[in-house]
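Hi,

Here is the structure I said I'd pass on.

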Amino acid sequence: MAGFDVFVMASRWEGLPVAFMEARALGLPVVVTSVGGLTDHVEDGVDGLLVEPNSDDALVAALQKVVGSADLRQRLAEGSARRSGELDARLAVEVIERAYADVTGQA
């Protein structure tokens, strides 16, 4: 992943994926669909680009924008690196454990 120019996640549903956390830890610019926990962790145009799910055209346009502009890639990468400390696998585990506890009534 360290060799990527941009990290892309085109999901219809997500929680807080480990692959996204890894991309952030590496300071990669991210292009992700605006679903689940991703919307809480990407400020569109600041530290990544959010695109509508199920829109191939929007995904292609966002990727062309990032790939076509070294300045944008750099700015998004810097923003991604700044926010990488907000994500921790332990946080994801805590969120999942709380959800299971709520569902099972063991909260």
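**The salt-bridge network**

Arg24 counts as buried, at 1% relative accessibility. Bear in mind as you read on that this is a predicted model. So what does a buried arginine pair with? Arg24 forms a salt bridge with Asp47, and the closest N and O atoms are 3.4 Å apart. Asp47 sits in the loop between helix H2 (38-41) and S3, while Arg24 belongs to helix H1 (residues 18-25), so this pair ties together parts that are 23 residues apart in sequence. Asp47 is buried too, with a relative accessible area of 1%.

Asp47 has another partner: its side chain meets that of Arg83 in a salt bridge (2.7 Å, N to O). Arg83 is in helix H4 and Asp47 in the loop between H2 and S3, so here the parts tied together are 36 residues apart in sequence. Arg83 counts as buried because its relative accessibility is 17%, and the cut-off for buried is under 20%.

Arg83 also meets Glu86 in a salt bridge, at 3.0 Å from N to O. Glu86, at 42% relative accessibility, counts as partly exposed. Through shared partners, the salt bridges join Arg24, Asp47, Arg83 and Glu86 into one network. The structure holds three salt bridges.

**Helix H3**

How far apart are the end C-alpha atoms of H3? They are 16 Å apart, which agrees with the 16 Å that twelve residues (56-67) should span at 1.5 Å a residue. Leu59, Ala62 and Val66 are the buried residues I'd point you to in H3. They cover an arc of only 65° around the axis, which puts them on the same side of the helix. The face turned away from that buried side carries the exposed residues Asp56, Asp57, Gln64, Lys65 and Val67. As for what covers the buried residues of H3, the list includes S1, strand S2 (30-33), strand S3 (49-51) and helix H4 (70-83).

**A few other spots**

Ala70 is in helix H4 and is partly exposed, with a relative accessible area of 47%. Ala70 and Asp5 are 65 residues apart in sequence, yet their C-alpha atoms are 9.8 Å apart in space.

There is also a nonpolar surface patch of about 270 Å², made by Met1, Phe4 and Leu26. Phe4 lies in the segment before strand S1 (7-9), and at 43% relative accessibility Phe4 counts as partly exposed.

Cheers

Key:
Residues are numbered from 1 along each chain as its sequence is written. This is a predicted model: local features need pLDDT of at least 70, side-chain atom pairs count only at pLDDT 80 or more; totals for chains, interfaces and linings use all residues. Side-chain values use heavy atoms; hydrogens and water are left out. Patches are made of residues with over 30% relative accessible area and no salt bridge: like charges are joined within 9 Å, nonpolar side chains (Val, Leu, Ile, Met, Phe, Trp, Tyr) within 5 Å. Accessible areas come from the Shrake-Rupley method with a 1.4 Å probe; for residues, only the protein chains shown count as cover. A salt bridge is a side-chain nitrogen of Lys or Arg within 4 Å of a carboxyl oxygen of Asp or Glu. Helices (H or I, at least four residues) and strands (E, at least two) are DSSP runs, numbered from the N terminus. Buried means under 20% relative accessible area, exposed over 50%, partly exposed in between (1.4 Å probe, protein chains only). The expected span of a helix is 1.5 Å times one less than its number of residues. The arc is that of the directions from the helix axis to the C-beta atoms. Contact means heavy atoms within 4.5 Å.
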